[in-house]
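Hello,

Here is the structure for you to look over. My notes follow below it.

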Amino acid sequence: MADNKRDIVVMTPQEGLGGIRIADDVVGVIAGMAATEVPGVAGMSGGIGGGIAEMLGRKNLSKGVKVEVGEKEAAVDLFVIVEYGVRIPEVASQIQMNVKRAIEGMTGLSVVEVNVHVQGVAFANTENKDEEPHRVR
């Protein structure tokens, strides 16, 4: 998984030039960014803490992602929070396709699995709709 902090080696087309090293965290950031681009994804989840999914900001894109990378293949687990009202199977399918396309296009690795774990639902901000307007501003 991503915690081992090792680099993967992707061979260049011109073998005599050496190898290219891509850190696991780079693959994680690519996957996180590709997932958050999908309409209906509210954000990445940092896991379940106290029964509530913690939503992470854009600076922590790789925190809601676990990757396992070999020499030629990668497997990805994404932990996401979806927006209320979306069709979850459709959003999850879009995430899988977008993540696979992004990783394969940017790294040359073959993505063998993209597992989507829906950790929560984000509701639209509805605060102050039923309250009286403030008298003093």
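Helices (H or I, at least four residues) and strands (E, at least two) are DSSP runs, numbered from the N terminus. This is a predicted model: local features need pLDDT of at least 70, side-chain atom pairs count only at pLDDT 80 or more, and totals for chains, interfaces and linings use all residues. Residues are numbered from 1 along each chain as its sequence is written, and side-chain values use heavy atoms, with hydrogens and water left out.

**Overall layout**

The protein chain holds two helices and seven strands. From the N terminus, their order is β-β-α-β-β-β-β-α-β. The chain has 137 residues, and 35% of them count as buried. Buried means under 20% relative accessible area, exposed over 50%, and partly exposed in between (1.4 Å probe, protein chains only). Take the contacts (heavy atoms within 4.5 Å) between residues at least 6 apart in sequence: 63% of these join residues at least 24 apart.

Helix α2 covers residues 88-107, 20 residues in total. From first C-alpha to last, α2 reaches 28 Å, close to the 28 Å expected at 1.5 Å a residue. The expected span is 1.5 Å times one less than the number of residues in the helix. Helix α1 has 13 residues and reaches 19 Å, close to the expected 18 Å.

Which residues of α2 are buried? They are V91, A92, I95, N98, V99, A102, I103 and T107. Seen down the axis of α2, these buried residues fall within an arc of 130°, so they line one face of the helix. The arc is that of the directions from the helix axis to the C-beta atoms. On the other side of α2, P89, R101 and G105 are exposed. G108 follows α2, and its phi is positive, near 85°.

In α1, the buried residues are D24, V27, G28, I30, A31, G32, A34, A35 and T36.

**The core**

The largest nonpolar core has 25 residues. Such a core is a set of buried Ala, Val, Leu, Ile, Met, Phe, Trp, Tyr and Cys residues joined through side-chain atoms within 4.5 Å. L78, I95, V99 and I103 touch the most other members. The elements that give two or more residues to this core are α1 (24-36), β3 (41-49), β5 (65-69), β6 (73-83), α2 and β7 (110-122).

V99 is worth a look. Leaving aside its neighbours within four places in sequence, V99 is in contact with A31, A34, A35, L78 and V114.

**Polar pairs**

How many salt bridges does the structure hold? There are two. A salt bridge is a side-chain nitrogen of Lys or Arg within 4 Å of a carboxyl oxygen of Asp or Glu.

- One joins the side chains of E90 and R87, at 3.0 Å, N to O. E90 is partly exposed, with a relative accessible area of 48%. R87 counts as exposed at 55%.
- Another joins E104 and K100, with the closest N and O atoms 2.8 Å apart. Both residues lie in α2, four residues apart, about one turn of the helix. E104 is partly exposed at 28% relative accessible area, and K100 is partly exposed at 33%.

N98 also lies in α2. N98 is buried, with a relative accessible area of 16%. A polar contact of 3.4 Å joins the side chains of N98 and E37. A polar contact is a pair of N or O atoms within 3.5 Å; within protein, one must be able to donate a hydrogen and the other to accept it, and residues adjacent in sequence count only if both atoms are side-chain atoms. Beyond its neighbours within four places in sequence, N98 is in contact with A34, E37 and V38.

Q94 sits in α2. At 38% relative accessibility, Q94 counts as partly exposed. Q94 and G40 are 54 residues apart in sequence and 9.7 Å apart in space, C-alpha to C-alpha.

V118 is found in strand β7. V118 counts as partly exposed, at 34% relative accessibility. Leaving aside neighbours within four places in sequence, V118 is in contact with V80, V82 and I88.

Best wishes
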